[in-house]
Amino acid sequence: MKYPKNGRFGEFGGKYIPETLVPAVEELEENYLKFKDDKNFKKELNYYLTQYAGRPTPLYYAKNLSDSIGGAKIYLKREDLLHGGAHKINNTLGQALLAKKMNKKRIIAETGAGQHGVATAMACAVLGMNAEVYMGYKDTIRQKLNVFRMNLLGSKVHPVQSGSKTLKDAINEAIRDWITNIETTYYLLGSAVGPHPYPVMVRDFQSVIGEEIKKQMKKINGKTPDTVIACVGGGSNAIGTFYPLIDTNAEIIGVEAAGHGLKSKKHSATLSAGSKGVLHGMMTYLLQDSEGQITETHSISAGLDYPGVGPEHSYLKDIKRVKYHSAIDSEVIDAFLLLTRTEGIIPALESAHAIAEAVKVAKKSKKSESIVVTLSGRGDKDVEEVQNYLNRHVKN
Amino acid sequence: MSRIKEKFSELDAKNQKALIAYVMVGFPNKNATISVVRGLIKGGADIIELGFPFSDPLADGPVIQNASTVSLEKGAKISEFFSTVKKIREETNIPLVLMTYTNILYHRGYSKFIKDAKKAGIDGFILPDMSIEESKEYIQSAKGNADTIFLVSPNTDKIRISKIVKATSGFLYLVAVYGTTGIKTGVQNYTLKAIKNVKKQTRGKIPLGVGFGVSTAEDVKKYINAGADAVIVGSAFLKIIENTPQTKLETVITRFTKKLKNSTHI
């Protein structure tokens, strides 16, 4: 896998960090480079990915969904079937194992919807470590069951009251904790964001998704998919899906959360509507005002509610290799209901953004074409949110 | 010679070290800043750091975070910040340093921002999330216009310190403790050791300031005795500002500043 020089993807990425973090980030990079191709490390990680997390995940032909639209064949990469119910475990097992090799006893993490927090808590439990998870206060309310789940798994959850009380503030608080406990603590970042080497490391751990898609599709029809679609918040499931397919002819589409619409200011569509800037240690596209202050975001899915995006996505947008589209809340709910009713699969609201795009693409494509959608997580956590949405909209 | 450099040689001649005071502009409201700055000057502060708020201040503790939030809620704007600086500049020749985060400069363009800031009367910049690896354009833009004050930490190694010294002008900022601004740990032995180690690398070429968690005259004295050329006090001022009625602000700040300043005489 390609390793970015100076931690840069074109002009994006880098390390914009307080000096106290520099030795820790350098130590992390050194160890990551040492272990990423280490035979024993790979063997151990592979053991946990297969025996514990449930890899490989199926590439399921969603015939009912495809037939109901009447266009291309839609295949679902079932990351929702992984232990914990989301792709997040691919990364947390990798990083927790690395932290163990580095002899770090204390693990901290941030979480938005709670999926990364739960996946961190699981990885730490199975590897005999303790995790402390920062979570925006608003998200602890929206996703209270995940808070309890983390507690059950032996992790401590710190509700974050600063700023907008969502994912970006949870990251700020995790970084502050890391600065304070630099010697003992490993920061297990959950998305392909942050200072180098996090974006490349998270990409590599998540690339198992795209690697499997490539192999599975080849077995199905001897080809690479015509179109590949994944949702993008920070962008970890998307970069893991896209990266192994970058050198193929596949059309690649990332789907952002357009919330109430791109013109409403109530969205999280960083690549579709943002501008370049520096946040959380990286240069990337951001949602910000005319003064460079980061603006508050909205999405029906807490996991996409983030004003930045992984720097490699910014690069892939600028070189025009990947198209970044968006879906508004109502389209997402429609897609959620459609998949649930046609296939009996309840997708996470994050993943429903990708389904919404797949519906649009399938309508315009031929039956002989194939679309792969990464179903990054299952939707049990979102059932209440959907119920509230439907109640509100039925009344209106 | 820059105002900051001049200030340090002036203090040298008087056998004094520098007291650097940090305040968040626009906290707790727009009118307070001028009174606070007057108090700082009357009390004997040598350099003033003016904070401009950023929505995501990841190197700051609760006190400065709160001040940032309040300042932004009251509508902090860069153009207004520059007018405040101009007003201060009309009253005094004291070195003024702007402390904010990288994105605020990057968004306007390093070169344009720095020129505008210089015109208003800013002498230097502190950006806690600007690492030397990413600083090329920033340093080029500041050259001849303003000092670039970089930070080192107790865990920064020798080779890196010397690289940072090369990128730094005005003074070098040693982060005293592992933590965010305003952290209450007291004076740590590792900090005193770090002061010695960093001074070996600066070799008297550039003054060394110590900040983060410095809140009392006793702290100031200890760091000065250990070899610091300057101490930076921030959160302690903001706490006083928060708890003092506007009419008494100038006198209360003057009194506290005097107490701190007295500890910088050697």
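**Close-up views of the predicted model**

**View 1. Surroundings of Gly121(B).** Gly121(B) touches Arg3(B), Val85(B), Arg89(B) and Leu96(B), not counting residues up to four places away in sequence; contact means heavy atoms within 4.5 Å. This is a predicted model, in which local features need pLDDT of at least 70 and side-chain atom pairs count only at pLDDT 80 or more, while totals for chains, interfaces and linings use all residues; side-chain values use heavy atoms, with hydrogens and water left out. Residues are numbered from 1 along each chain as its sequence is written, and chains are lettered from A and ligands numbered from 1 in the order in which they are written. Gly121(B) sits in the loop between helix H6 (110–120) and strand E4 (124–126) of chain B; helices (H or I, at least four residues) and strands (E, at least two) are DSSP runs, numbered from the N terminus. With a relative accessible area of 5%, Gly121(B) is buried (buried: under 20% relative accessible area; exposed: over 50%; partly exposed: in between; 1.4 Å probe, protein chains only). Ala146(B) is 25 residues away from Gly121(B) along the chain, and their C-alpha atoms are separated by 9.8 Å.

**View 2. Phe125(B) in the largest nonpolar core.** The largest nonpolar core has 188 residues, and those with the most contacts inside it are Leu50(B) and Phe125(B). Such a core is a set of buried Ala, Val, Leu, Ile, Met, Phe, Trp, Tyr and Cys residues joined through side-chain atoms within 4.5 Å. Leaving aside neighbours within four places in sequence, the contacts of Phe125(B) include Val97(B), Leu98(B), Leu105(B), Phe113(B), Tyr138(B) and Ile149(B). Among the other contacts of Phe125(B) are Asp147(B) and Thr148(B). A second, separate core of 35 residues includes Ile229(A), Val255(A), Ala358(A) and Val373(A).

View 3. In H8(B) (residues 158–167), Arg160(B), Ile161(B), Ile164(B), Val165(B) and Ala167(B) are buried. These residues lie on the same side of H8(B) because they cover an arc of only 160° around the axis, the arc being that of the directions from the helix axis to the C-beta atoms. Exposed on the other side are Lys158(B), Ile159(B), Lys163(B) and Lys166(B). The buried residues pack against helix H1 (22–35) of chain A and, in chain B, against helix H7 (136–142), strands E5 (147–149), E6 (151–152) and E7 (172–175), and helix H9 (189–202). Val165(B), at 15% relative accessible area, is in contact with Leu172(B), Thr202(B) and Ile206(B), leaving aside neighbours within four places in sequence. From Val165(B) to Asp147(B) the C-alpha separation is 12 Å, at 18 residues apart in sequence.

**View 4. The largest cavity.** The largest cavity has a volume of about 360 Å³. Of the 32 residues that line it, the closest to its centre are His87(A), Lys88(A), Gly303(A), Leu304(A) and Glu350(A). On a 1 Å grid over the protein atoms alone, a cavity is a set of points where a 1.4 Å probe fits but cannot get out, and lining residues have an atom within 4 Å of a point. Grid points are joined across faces, edges and corners, and a volume is the space filled by probe spheres set on the points. Strand E5 (106–111) and helices H5 (115–126), H8 (167–180), H11 (236–242) and H15 (349–363) of chain A each supply at least two lining residues. The lining divides into 11 nonpolar, 17 polar and 4 charged residues (Ala, Val, Leu, Ile, Met, Phe, Trp, Tyr, Cys and Pro count as nonpolar, Asp, Glu, Lys and Arg as charged, and the others, Gly among them, as polar). The structure holds 10 cavities of 30 Å³ or more.

**View 5. The second largest cavity.** The second largest cavity has a volume of about 170 Å³. Its lining has 20 residues, of which Gly182(B), Gly213(B), Val233(B), Gly234(B) and Ser235(B) lie nearest the centre. Strand E9 (230–233) and helix H11 (235–242) of chain B are the elements that give two or more residues to this lining, and H11(B) provides the largest share, 3 residues. By class, the lining has 10 nonpolar, 7 polar and 3 charged residues.

View 6. Phi of His280(A) is near 50°, a positive value in a residue other than glycine. His280(A) is in the loop between strands E11 (275–279) and E12 (282–286) of chain A and counts as buried at 3% relative accessibility. The peptide bond from Arg55(A) to Pro56(A) is cis, with omega near -10°.

Definitions and conventions: On a 1 Å grid over the protein atoms alone, a cavity is a set of points where a 1.4 Å probe fits but cannot get out, and a pocket is an open set with protein on both sides within 12 Å along at least five of seven lines; lining residues have an atom within 4 Å of a point.
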